[in-house]
Structures are given as structure tokens and as C-alpha cells.
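Visitor: I would like to know what stands behind the labels used for this model. Please set each one against its definition.

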Amino acid sequence: SKYNQPVEPVDAASLSCISRMIAIKTAELLGDTAQTAKLSDAITRTRDSVNSLMWNKTGRVYNDLTQTGHQQLGVKTPVSFYPLLAEIPTSEQKADLVAVLTDPAKFWLHYIVPTNAQDEDGFSATAYWRGPVWYRTNWLVVRSLITAGKYQIAKDIINKTLALTTLTPESYCREVFDPVTGSPADGMGV
């Protein structure tokens, strides 16, 4: 199954770039130009690899890769948008990512952002990691959109996410929510 195997994750590559971006600021403060250059080179190599290996031209998103063979898994998840946070996509890729995110057949359900796109074979509105909305993944998507300058879309996600906390008395402290109904999913919560 494409879901049950070791992967080279898009989020790890994105976070690697972000960590190096932060380290560059530190190196600059310390006046360490050699370290700044080394880190800049590493960021460029990572961005190039993410764009050449993980960008799915057909699906218009970034995909995790299998560890063996580096084949794209082809599953659309919120992680597909994390490269925005690391400033990896080109302008055209940014536009494609936003189009996929705001497509009601994929991610733009009544409550957003599901952990699997609605058009994925494995999508389930209530099965853990197969579709429910999570605050933590939404937060990273929102931060990614803000970095990309997509403020209104980020605001829409924030408002829809906050609405989940007031739907029912049980909603205020839940972990995951059904992206269609907003109901707590899988009985998880505090």
C-alpha cells in the first residue's frame, strides 16, 4: 500500500530548509560568512531536489517519495503545502498549490483542511490521518500561506478552524474533526 512504507517526507525537507534559513540569520549575526555560504548552498540544493523530485506536475502538489526508488506516492495531504513555508515553490507552483487547496473537490470542504484530499482513494472524513481536520496541520498550512502572501486564504482557514471549537459542547478540546460536518472524529479528545 502507498500508505504503509518508509518515505522521504516533504515536510522534513521543508523543515530542513527552514532550519537552515534560521541558522543563516544566526551565522550572519556572528559575521560567519563561510557558514552563511555553506548553509545557503545547502538550502539551494534542498529546494532544487524538492522541486525536481517531489513536485507532481499532474497533481500540482508536492508528494512524499518512497525511500526505495524515490517514487512519488501521489497522495495529496496538507504536507503538500509546507514547501510554501520554506519558500521552495516557483510563482507558478504557488498558484497551482493555491488552486488545489481551494478546490472543493479536494481540500476546500466545509471545514478545512482535511488530512487527505477528498478525491483520494483512502479519504475518510473520520479515519485518523485519512481526512479529519487537525489544528496542528492547519496551523502549518496557515503559516505556509502567510509566508506565500496568501493572507485571505489563511484567514479563511483560521476562521473555519476556530468555528470547529464552538459547534458542540464536546468540540472545544478535540484533536480531530470531520471536515464535512465539523463533528469530533474518532472520539479523540481531552
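**Labels and their cut-offs**

Guide: Ser144 sits in helix 4, where a helix is a DSSP run of H or I with at least four residues, a strand is a run of E with at least two, and both are numbered from the N terminus. This is a predicted model, in which local features need pLDDT of at least 70 and side-chain atom pairs count only at pLDDT 80 or more, while totals for chains, interfaces and linings use all residues. Residues are numbered from 1 along each chain as its sequence is written, and side-chain values use heavy atoms, with hydrogens and water left out.

Visitor: Why is Ser144 called buried?

Guide: Buried means under 20% relative accessible area, exposed means over 50%, and partly exposed is in between (1.4 Å probe, protein chains only). Ser144 has 0%, so it is buried.

Visitor: What does Ser144 touch?

Guide: Leaving aside residues up to four places away in sequence, Ser144 touches Phe81, Tyr82, Leu84 and Leu85. A contact needs heavy atoms within 4.5 Å.

Visitor: Which residues of helix 3 are buried, and what covers them?

Guide: The buried ones are Gln93, Asp96, Leu97, Val98, Val100 and Leu101. Their cover includes helix 2 (33-54), strand 2, strand 3, helix 4 (135-147) and helix 5 (151-164).

Visitor: Why does Ala12 count as partly exposed?

Guide: Ala12, in helix 1 (residues 10-30), has a relative accessibility of 42%, so it counts as partly exposed.

Visitor: What is phi of Arg60, and what is it for Glu87?

Guide: Most residues other than glycine have a negative phi, and most peptide bonds are trans. Arg60 is not a glycine, yet its phi is positive at about 60°; Arg60 lies in the loop between strand 2 (55-56) and strand 3 (61-62). Glu87, also not a glycine, has a positive phi near 55°, and Glu87 belongs to the loop between strand 4 (65-66) and helix 3. Arg60 has a relative accessible area of 31%, so it is partly exposed; Glu87 is partly exposed too, at 44%.

Visitor: Where is a cis peptide bond?

Guide: It joins Ile112 and Val113, with omega about 10°. Val113 is in the loop between helix 3 (91-101) and strand 5 (133-134).

Visitor: What lines the largest pocket?

Guide: There are 22 lining residues, and Asp64, Val75, Thr77, Val79 and Asn116 lie nearest the centre of the pocket. A pocket here is an open set of points on a 1 Å grid over the protein atoms alone, where a 1.4 Å probe fits, with protein on both sides within 12 Å along at least five of seven lines; lining residues have an atom within 4 Å of a point. The volume of the largest pocket is about 400 Å³, taken as the space filled by probe spheres set on the points, which are joined across faces, edges and corners.

Visitor: How do you know that the radius of gyration of the chain agrees with a compact globule?

Guide: The radius is taken over C-alpha atoms, and the globule rule is 2.2 Å times the number of residues to the power 0.38. For 190 residues a compact globule would come to near 16 Å; the chain has 18 Å, and therefore agrees. Along its principal axes the C-alpha trace spans about 55 × 40 × 30 Å. Buried residues make up 43% of the 190 residues.
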